[in-house]
Every structure is written in C-alpha cells, then in structure tokens.
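Colleague: Let's go through this model together. I'll ask, you answer.

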Amino acid sequence: MARAESALGRVFELARDYIATHRDRPVWPLTSLEALRRALNGPLPAEPASDFDVVEQLARAAEPGLVATAGPRYFGFVTGGALPATVAADWLASAWDQNAGLFVMSPAAAVVEEVAGAWLLELLGLPATASVAFVTGCHMANFTALAAARHELLRRAGWDVEADGLQAAPGLRVIVGDEVHVSVVGALRMLGIGSRQLVRVAADDQGRMRTSALAAALAESDGPTIVCAQAGNVNTGAFDPFVAIADLCAERRAWLHVDGAFGLWAAASDALRHHVRGVERADSWATDAHKWLNVPYDSGLVFVAHPAAHHAAMSMDAAYLERSADQAREPMDWTPESSRRARGFAVYAALQSLGRRGVADLVDRCCRLARRFADRLSADDRVQILNEVALNQVLVRVAPSGGDPDVATDCALGAVQEERICWLGGTTWHGMRAMRISVSNWSTTEEDVDRSAESILGAVRRQS
Ligand SMILES: *Cc1c(COP(=O)(O)O)cnc(C)c1O
C-alpha cells in the first residue's frame, strides 16, 4: 500500500507541475525522434522496479516529447484541453479501475452514463428518447451510428444483417457530401461499404452539401439509403443545411446520419444554435467530448433516434455475460467494445463543472476568439482568410505581392511551428494551401490569440 501511495503522490506532483507549465512551455517539444527513442528504449526489463521509480523514469523520459495540446495556444486539428474537473474525474476512473461494460461490473459507471447521456440529449436539443453510447471518439461514434443505420434499413428490407451478413444482402446506398470527413468513410469501410461505393454529392464553396445535388442523388433510386451530413466542416467549420436535408430524407425514408464531431456543440449556444436548425430530425448523431467539451481522451458520443436498431447492431449475448435483473442500462449493449474504460465519469464531471451556461460560454468564447484571429491576421494585406469564420475554424493563406502563395503559406507555417509560440497545422482547401486554426480550448484567452497572431504575422512578413 505504501508503495502505491508514494507513486500516486509523486504523480500528483508531476501532473500539477506539468499543468502549471501549459501556458509557458514551447507548444511543440524541442526533442527529436532519436532522442526520445534513446530515452525510452532499452532492453526488456528483466527485474521488477519500484512503483515510484517506474513513474519517475516514465515522466523523465516522456516529458521532453509531450506536446502542449492541452495548453491555450495549441490550435492544431480540433483539440480541446481537459478541464480540471475532468482530469480529476479521469484520475478517479483510473484509480477505481472500473469496467464499464456491464451494470454488474460497475453499477456506478453504468448509472453515470445513463444520467450524463440524458443531460447530453437535453443540452444538444436531441430527442429525449434517443439512445446514447460512450465510445472512444467520433470515429467510433460514426461507426456505431452507421451500424445501427445498416441494421435498420436492411431490417425494413426484410434482411437480418447481424445473422445473414452483407454479402447477399440487398444493396445499401450511402450518399455523402463531397466534403465528408474521412472518418465517415473509414467507419463505412469497416461496415462493408467501400469508399468507391459512396455516392458523393457536390458541396458549395464553404463545404456545405448542396441540397439540389442531394435531391438529384436521392431521386436515382428507391432502395435503402443512408445520407451522411455534417455539422462542422473540419476545414471551414461550415454546417450542412439540415432542414432541407431532413425534408429530403423524410420523403425517401432515408436514414440521416450527422457527423458533428465538434459542430454539434453549436446546439448548446443560443447565439449559434441557428447553424444546426433541423439537426434534431436526424436518425443518428456522432460527436466528440474530447474536442469541444474539453474532457481527456478518449471520449466520443453517439446518439441514435432508434434505440432498438442501435441495440440490435451492438449487443452480443453469452451465457456468462449476466445482465442485471432490474431495469439497468448495460453500457456494452450500445458500443462496439465489451470491457470498457469508465469514460462516463469525465463527461459527467464536465457537465457538472460547466453547467449548461458554461458549455455555451465555452463554445461562444472559442468562436469569438476565432473571429479575433481572423481580424488580426487579415489586417495585414498579405493575409487572406479563406473561410467564412462562422464557428471556431480559420483558414489562413499567405498571398505575397510576388511569388507563389502555396509556397509562401507553407514556409510561413513552417516558421510558426518552428517558433513554438503556438501550433497550427496545414491543409489544402479547394486546391489552395492554408494554415488551419481551430480554437477549441477552455483556457485560451485574447492575449493568447494576440501573441499567436503576432507569431503568424511575423512569419508572413519574413516570407514577403
Ligand atoms: C475529429 C473528427 C472525427 C473523428 O473523431 P475522433 O475523435 O478523432 O475519432 C470525425 N469527424 C469530424 C468532423 C472530426 O472533426
């Protein structure tokens, strides 16, 4: 016991000290691949080591290779930083080491999912009768939702896909927007629907699915059809027009799935909710908690308006997997995993910590800061903002008076990453290279945005 206590005590100090440096450390580490391998590699340990030494060695060797993704000036991908209460709850989840697969293995974990699930439906304005599952990320959320869709559409066509498989099943058509996230394509691939089988419909200049193109695609067949729309394009932050899409899907009895990894959180804000108008009419929704809700990895969420289909697609039975006799919800009946981390505790803590108002403030603040980024940067006439900054994403392109804008943009991006005041990634938007900013962290301030914008503008000036 003393051993465990001293190791946990040391972890507390290490974690506290690390978190305290978030604001000031170089956002990307100064180490190299070789140095990390040297520090971490070695022969397989032959003998046991003390808990304290294990923790100490790990922290010493790994820390130089950590990226301050949870800090206030990390704008790469779409990355939230864990709220203090959620880190604490996640520590408890590890210390308690609960298996959240079945009620009988952890009644508390099962009930926390039930409660947090109902809170999430209310917060996001989704039907209170929808089923909920806590998965590892939005990718698995897309997979789970689309498995439910596959079950339901084939069931309506008289086919039991769980029993009879897909090889001889009626064809399943999947329509996606041209700007579909790669995760939807990956999830469908695992469900037996290949990337070349997808029907892609045109998107507009912001990446929004064109309704007329969807109507034309839907009209081509009466067969079972899934339509995948998105809330929050990963480059521009744009939203598909859900009211029109939901009308079209209703006419054709198509299953409407929404990938809302970060954009679905607009539903929590009075100021932004109009972006997702109609989204509640979908059949399934996938989102992340580890992005905009700012909980630790790994935490994705899936909601399905047809609980029976969701259950049928995910549940498995074996004699030894004993279900509780009462009305308890069995977490593993709704997810691809069996044994599971109790990730519901951190989501529950996030909602307690922020409340409805806090979630709305977090989302609104990030969008305001994204706008501030765009304003600061576009004040320089060598900078072009490629998207309508309606949410938390900003696409920045360098347009020098002479020279190639793609080259100038990539050089500036490299210089920003090298300076390490902030970190952003690159992307290609409609054939143009761009720097990609995503503001998704609760701790980012105006000062962080101004310092980061200064770093970016400095790099731009050096290119031209
Ligand atoms: C991040 C993201 C995903 C994948 O989510 P993971 O949490 O990485 O599994 C899917 N769709 C969109 C739009 C995303 O931004």
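Colleague: Is glutamate 446 buried, partly exposed or exposed?

Modeller: First, the ground rules: this is a predicted model, where local features need pLDDT of at least 70, side-chain atom pairs count only at pLDDT 80 or more, and totals for chains, interfaces and linings use all residues. Residues are numbered from 1 along each chain as its sequence is written, and side-chain values use heavy atoms, with hydrogens and water left out. Buried means under 20% relative accessible area, exposed over 50%, and partly exposed in between (1.4 Å probe, protein chains only). Glutamate 446 has 46% relative accessibility, so the class is partly exposed.

Colleague: Which residue forms a salt bridge with glutamate 446?

Modeller: A salt bridge here is a side-chain nitrogen of Lys or Arg within 4 Å of a carboxyl oxygen of Asp or Glu. For glutamate 446 the closest N and O atoms are 3.5 Å apart. Glutamate 446 lies in helix α14 and its partner in helix α12 (residues 344-378), so the pair ties together parts 74 residues apart in sequence. The partner is arginine 372.

Colleague: How many helices and strands does the protein have?

Modeller: Both are DSSP runs, numbered from the N terminus: helices are H or I with at least four residues, strands are E with at least two. The secondary structure comes to 14 helices and 11 strands.

Colleague: Aspartate 448 also sits in α14. Which residue does its side chain meet in a salt bridge?

Modeller: The N to O distance is 2.9 Å. The partner lies in the loop between α3 (51-62) and α4 (84-96), so the pair ties together parts that are 375 residues apart in sequence.

Colleague: What is the relative accessible area of glutamate 388, the salt-bridge partner of arginine 208?

Modeller: The closest N and O atoms of arginine 208 and glutamate 388 are 3.8 Å apart. Arginine 208 is in the loop between β3 (199-201) and α9 (211-219), and glutamate 388 in the loop between β8 (383-385) and β9 (393-398), 180 residues apart. Arginine 208 counts as partly exposed at 25%. Glutamate 388 is partly exposed as well, at 43%.

Colleague: How many salt bridges does the rule give?

Modeller: Side chains of opposite charge can pair when their charged atoms come close. Salt bridges that share partners join Glu113, Asp298, Arg329, Glu337, Arg340 and Arg343 into one network. By the rule, the count comes to 32.

Colleague: Which residue does a cis peptide bond join to aspartate 298?

Modeller: Aspartate 298 belongs to the salt-bridge network. Its place is the loop between β6 and β7. Omega of the cis bond is about -5 degrees. The residue joined to aspartate 298 is tyrosine 297.

Colleague: What is the relative accessible area of asparagine 294?

Modeller: Asparagine 294 lies in the loop between β6 (284-288) and β7 (300-304). Leaving aside neighbours within four places in sequence, its contacts (heavy atoms within 4.5 Å) include Gly80, Thr86, Leu362 and Trp442. Asparagine 294 is buried, at 0%.

Colleague: How far apart in space are alanine 289 and alanine 148?

Modeller: Alanine 289 is found in the loop between β6 and β7. It is buried, with a relative accessible area of 0%. Among its contacts beyond four places in sequence are Asn294, Ser299 and Val347. Alanine 289 and alanine 148 are 141 residues apart in sequence, and C-alpha to C-alpha the distance is 21 Å.

Colleague: What is phi of arginine 420?

Modeller: Arginine 420 lies in the loop between α13 (405-419) and β10 (425-429). It is buried, with a relative accessible area of 14%. Phi is positive in this residue other than glycine, near 70 degrees.

Colleague: Is phenylalanine 77 buried or exposed?

Modeller: Phenylalanine 77 has a positive phi of about 45 degrees although it is not a glycine. Its place is the loop between α3 and α4. With a relative accessible area of 53%, phenylalanine 77 is exposed.

Colleague: Last one: what share of the 464 residues counts as buried?

Modeller: The C-alpha trace spans about 65 × 65 × 45 Å along its principal axes. Residues 24 or more positions apart account for 74% of the contacts with a separation of 6 or more. The buried share is 52%.
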